[in-house]
Amino acid sequence: MGRFKNAIAVVTGAGSGIGEQTAIQLANEGAKVILVGRTRSKLERVVDAINSSAAEPAATVFQADVTKEEEMEQLGKLIKQEYGDLHVVVNNAGSSGKSSILDMDADEWDRIQETNVKSVFLVSKVLGPVMIEASENAGQTDPAANRAIVNVASLSGHKAGAKIPHYSSSKAAVINFTKALALEFAPHGIRVNSVSPGFAETPLTAEGLKNKRFEEAIQRNTALSRVGKPEEIARVITFAASQEASYMTGSDLLVDGGWLIK
Ligand code: NAI
């Protein structure tokens with residue numbers, strides 16, 4: 001048990017990588033975690049790992065596509081009915097691709113904006129009211145009622161990268177949307193921050209990392225001279241979600257091994 005004792009948490013894209021590690025860390029610290037994603041088998045693998053080491057079941061699967069409004073509305077209904085409260089939302093689901101601007105078709109542009117930006121808007125629109133209602137019922141003066149949203153952005157939201165114009169602009173949008181949401185939700189006692197990972201070893205980056213020269217280039221460009229681990233990113237996400245970050249809202253936390261300073 002730890003910082004999230006009795007908290008209810010949602011993590012999107014929780015079947016792999018950074019989302020998986022975030023769900024595990026939240027559950028290890030006492031949260032009941034709802035893992036959201038499209039592929040049931042991936043989510044079940046993580047849920048089984050969490051529940052097999054917990055005293056009582058701490059994780060459940062909600063199979064859904066975060067770009068689909070109806071599916072997110074179903075998620076909101078389920079949380080209201082089953083839990084009646086919500087403390088932490090981690091908008092982690094995301095996708096990338098490689099193309100120059102001139103070679104990209106509009107469908108690929110839309111796919112990335114929908115997965116990375118529209119999803120954050122939809123989840124906030126649907127789960128925000130559940131958090132607000134719970135916050136009002138609990139009374140904002142209750143110090144235990146920590147409520148926070150953490151959006152996973154990217155180093156690429158701070159700087160352009162080769163052949164990822166759709167991805168880098170989507171992540172810049174996530175960073176700024178986070179600030180807008182933080183302003184809107186602050187009166188309700190809900191903090192909203194983003195975390196911007198640098199390069200971490202996950203299924204998203206696995207293909208690129210097969211290329212030794214690519215990995216060496218990342219090491220050269222990173223002050224700490226190495227690729228990050230998903231659990232290192234997850235630890236910063238759980239910090240931003242926790243009561244320890246009680247005076248932080250509208251911020252972006254860069255976790256890039258010192259890429260941007262080089
Ligand atoms: P990942 O590919 O393991 O995780 C992304 C997850 O999102 C996957 O499980 C995927 O199935 C899920 N997802 C994608 N589209 C979805 C949809 N429409 N509905 C529901 N789930 C969906 O990769 P990783 O690296 O763990 O990515 C997590 C987040 O971190 C992403 O937002 C990514 O952009 C961000 N990020 C990752 C970096 C890295 O170096 N790994 C660097 C910077 C940001």
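I'll start with strand β6, which is mostly covered: eight of its eight residues are buried. Please keep in mind that what you see is a predicted model.

The side chains of β6 go two ways. I190, V192, S194 and S196 point one way, while R191, N193, V195 and P197 point the other way. Both sets are buried. So much for cover; now the pairing. β6 pairs with strand β5, residues 147-152, in the parallel sense, and there are six bridges between them. To take one of these residues, R191 in β6 is the bridge partner of A148.

Next, the ligand. How many residues surround the ligand? The count is 28, and the closest are S16, N92, Y167, A200 and T202. By class, that shell consists of twelve nonpolar, twelve polar and four charged residues.

For Y167, a side-chain N or O atom is 2.6 Å from an oxygen atom of the ligand. For S16, a polar side-chain atom lies 2.7 Å from a ligand oxygen. For K171, the distance from a side-chain N or O atom to an oxygen atom of the ligand is 2.9 Å. As for cover, the ligand taken alone exposes 810 Å², and the protein buries 94% of that.

Which elements give two or more residues to this shell? They are α1 (17-28), α5 (165-185) and α6. Of these, α6 gives the most, with three residues.

The structure holds one aromatic pair. The rings belong to F199 and F214; their centres are 5.5 Å apart and their planes are at 70°, so the pair is edge-to-face. The cut-off behind that label is an angle over 60 degrees. F199 is in the loop between β6 (190-197) and α6 (203-209), whereas F214 is in helix α7, residues 212-221. The pair therefore ties together parts that are 15 residues apart in sequence.

The limit for buried is under 20%.

Technical notes. Residues numbered from 1 in each chain as written. Predicted model: local features only at pLDDT ≥ 70, side-chain atom pairs only at ≥ 80, totals over all residues. Heavy atoms only, no water. Phe/Tyr/Trp six-rings, centres within 6.5 Å; stacked < 30°, edge-to-face > 60°. Helix = DSSP H or I, 4+ residues; strand = E, 2+ residues; numbered from the N terminus. Near = heavy atom within 4 Å. Polar contact = N/O pair within 3.5 Å; in protein donor to acceptor, adjacent residues only side chain to side chain. Areas by Shrake-Rupley, 256 points an atom, 1.4 Å probe, with all protein chains shown as cover. Nonpolar A, V, L, I, M, F, W, Y, C, P; charged D, E, K, R; others polar. Buried < 20%, exposed > 50% of the residue type's maximum accessible area, 1.4 Å probe, protein only. Pairing = 2+ DSSP bridges.
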